Amino acid sequence: MGHEPISSKEGLALVDAVRKLAMRLPEVNEQVDAFGHTSFRVNNKPFVMLGEGGLEGPSLSLKTLKLTQETLVQQDRFYKTPYIGQHGWTSIRGKDITDWKEIEDYLLEGYLRSAPKRLAKLVDSI
């Protein structure tokens with residue numbers, strides 16, 4: 001993965017789809033880091049990150065519970081995110097996403113793991 005922001009057609013489409021889900025949640029900010037990864041954050045803590053992924057195409061990484069991660073990596077589509085997988089981060093290539101409702105559920109799980117309690121309570125009312 002290079003040090004350039006996401007620029008491929010597939011990568012931009014993936015960012016746009018994730019943005020539509022993430023920005024519905026309270027106090028979420030979008031940020032591009034020095035490695036070119038786009039992240040969505042709450043309280044300055046990332047809960048979803050996206051990167052170009054080279055020949056494999058763009059990928060999506062979600063902050064999941066370790067139990068969720070264990071279940072997901074048993075499927076061929078999901079894998080532990082390099083470098084941060086030991087903290088529950090789970091990835092999927094954009095081309096392997098078949099169910100956006102599933103992704104939305106895991107994105108919400110990551111948000112709730114990262115958000116302060118006052119914001120997590122707001123999600124229950126959405």
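A residue counts as buried when its relative accessible area is under 20%. The views below show a predicted model.

**View 1. Helix α1 and its buried residues.** Helix α1 spans residues 9-22, 14 residues in total. From first C-alpha to last the helix reaches 20 Å, close to the 20 Å expected at 1.5 Å a residue. G11, L14, V15, V18, L21 and A22 are the buried residues of α1. Seen down the helix axis, these residues fall within an arc of 125 degrees, so they line one face of α1.

**View 2. Surroundings of helix α1.** The buried residues of α1 pack against strands β1 (28-32), β2 (38-42), β3 and β4 (59-63), and against helix α3. Turned away from the buried side, the other face of α1 carries K9 and K20, which are exposed.

**View 3. The aromatic pair F47 and Y111.** The structure holds 2 aromatic pairs. F47 belongs to strand β3 (residues 45-51) and Y111 to helix α3 (residues 100-114), so the pair links parts of the chain 64 residues apart. Both F47 and Y111 are buried.

**View 4. The aromatic pair F78 and Y106.** The rings of F78 and Y106 are also arranged edge-to-face, with 6.3 Å centre to centre and 85 degrees between the planes. F78 lies in strand β5 (residues 78-80) and Y106 in helix α3, 28 residues apart. F78 has a relative accessible area of 4% and is therefore buried. Y106, at 17%, is buried because its value is under the 20% limit.

How values were computed: Residues numbered from 1 in each chain as written. Predicted model: local features only at pLDDT ≥ 70, side-chain atom pairs only at ≥ 80, totals over all residues. Heavy atoms only, no water. Phe/Tyr/Trp six-rings, centres within 6.5 Å; stacked < 30°, edge-to-face > 60°. Helix = DSSP H or I, 4+ residues; strand = E, 2+ residues; numbered from the N terminus. Buried < 20%, exposed > 50% of the residue type's maximum accessible area, 1.4 Å probe, protein only. Expected span 1.5 Å × (residues − 1). Arc of directions from axis to C-beta. Contact = heavy atoms within 4.5 Å.
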